[in-house]
Amino acid sequence: MNTNSYEYVASAPAYIRLGAEQCKDEEVIYMINDMFNRIVNNVHDHSFSLLFNGFTEKNFGPKLQKYRPSVYKIHADSGGLQIITRGLDNTPELRNKVYETQAKYADVGMAFDEIPVKAIGGGKTSKIDTKNRYVDIENFDSYAIKTGQNVKAQIIRFNELNSNCKPFVIIQGACYDTYIRWAELLKREITAELEHNIGGVAMGSAALGMGPLEDVKRAYYATAMPFKKPFHLHILGVGALRRMLPYILFKQNNLLDDVFLSYDSTTHTMSLDNGLFYFSFYGKSAGSVYGGSSYRMGREYCNIYRTVTEEINNVCGTSYEPEEYHILMNHQLTSYLEKGGKFIDIMRARLAFILTNIHNFTRDVMELTKSKEQFLKFAKEKDCENEYATLFDVKTIQDFLHWEKHVGKYMDSEPVSKIAPNSLEGLFT
């Protein structure tokens, strides 16, 4: 049984180069597992897991098995979003292929959720585009029922394959009542007999929105989910520490104290490719202008490389010189190998950068969880102290609605419209 408070799930393994041909080498495999174990797994009260896409990255399923000695779990996304964006039909046959990949190679399999929104004008809209879509309230129940049917089919297929993989269900909604209704309709379709097969719950954002206020709403709605506690709550796509704040707070005020939290992120696995380095708010850079945020590094050598290299050496136990690490960080893998470099050396350098990002981020999550004082100190630095200080007093839905009316209204918000445009006037209001 996992005794950690959190599970960090690193997604997009291609950015870590975990599927590279050279990763078949036993020395490379040992090095990667060793770094995972020392730097991120069971560090800062976090377990460390990996996530691949069961549709677009199905070839990663067998490749990730060699890292099981150093990871808590392997997660497999459903690829539902990618199926839509590629214009493919989400057929039972296609879903079954994903289920088979999840069943064979993963411990957690994200379910196929039906998205209860429509695009204005009938076109396509991305998951982060909140302005050009609206909630399809008229057909809301049918989306929830179909999602429940998808989960039931997934569970049955896993059982047929004698797999220990557990589905994570995604709950969608536009408000407190609709999130609860979605969960209840979904459970009804799965049936009480199969409900114990559910591995966890994730709160979707498609019909609610993506702003800081919507993050708080989703976190509070999660505390009221009609699933037997303790249950596993997964937070989708955590790119910044502010996304974690509502969940950390509700852990502290006991609304989520019997809920195990996991969260996935691509931000840190992509950090080297994007030249972004995350400085811990509580680490060596505490009190500096960098603490608690990501710093964008340029290609040209400058003093920031000294700071970053020192941080990496401190976290990873390496002994890079700044000038040497600047070269390793900015070298393309192919050109480095063509010049006679060894794969294990550049792989170690890449991992050191990425894992230090994860190490620093999980450190901040852990420190913020320790006390209300620590939490509010950070919130003050990020100019949101009042909003969160008052949120500590929320215990019931009536408390939350009062907070939303009097305090939450001052938070930035990116809601999805709950009203379908039925006229030219409706499109611009």
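**Exercise 1. Describe the second largest pocket by the residues that line it.**

Solution. Start with the lining. It comprises 27 residues, and Gly199, Pro230, Phe231, His232 and Phe260 lie nearest the pocket centre. The model is predicted: local features need pLDDT of at least 70, side-chain atom pairs count only at pLDDT 80 or more, and totals for chains, interfaces and linings use all residues. Residues are numbered from 1 along each chain as its sequence is written, and side-chain values use heavy atoms, with hydrogens and water left out.

On a 1 Å grid over the protein atoms alone, a pocket is an open set of points where a 1.4 Å probe fits, with protein on both sides within 12 Å along at least five of seven lines; lining residues have an atom within 4 Å of a point. The space in this pocket is about 690 Å³. That volume is the space filled by probe spheres set on the points, which are joined across faces, edges and corners.

Then sort the lining. It has ten nonpolar, nine polar and eight charged residues. Ala, Val, Leu, Ile, Met, Phe, Trp, Tyr, Cys and Pro count as nonpolar; Asp, Glu, Lys and Arg as charged; the others, Gly among them, as polar.

Last, find the strands. E8 (200-203), E9 (231-235) and E10 (259-265) each supply at least two lining residues. Strands (E, at least two residues) and helices (H or I, at least four) are DSSP runs, numbered from the N terminus.

**Exercise 2. Which peptide bond is cis, and what is its omega?**

Solution. The bond joins Lys229 and Pro230, with omega about 0 degrees. Pro230 sits in the loop between helix H7 (212-223) and E9. Pro230 is also among the residues nearest the centre of the second largest pocket.

**Exercise 3. Classify how H10 packs against H11 and H13.**

Solution. Take H11 first. H10 (residues 303-316) and H11 (residues 322-329) pack at about 90 degrees, with axes 9 Å apart. H10 is therefore roughly perpendicular to H11. Axes are lines fitted to C-alpha atoms, over the stretch in contact for helices; angles run from 0 to 180 degrees between N-to-C directions. Under 35 degrees counts as roughly parallel, over 145 as roughly antiparallel, 65 to 115 as roughly perpendicular, and the rest as oblique.

Now H13 (residues 343-370). Its axis and that of H10 come within 10 Å and cross at roughly 80 degrees. So H10 and H13 are also roughly perpendicular. Val308, Glu311, Ile312, Val315 and Cys316 of H10 touch Ala352, Phe353, Thr356, His359 and Asn360 of H13. Contact means heavy atoms within 4.5 Å. By class, these residues are six nonpolar, three polar and one charged.

**Exercise 4. Classify how H7 packs against H16.**

Solution. The axes of H7 and H16 (residues 397-406) come within 12 Å and cross at roughly 175 degrees. H7 is therefore roughly antiparallel to H16. Leu213, Val216, Lys217, Tyr220 and Tyr221 of H7 meet Ile397, Phe400, Trp403 and Glu404 of H16. This contact has seven nonpolar, no polar and two charged residues.
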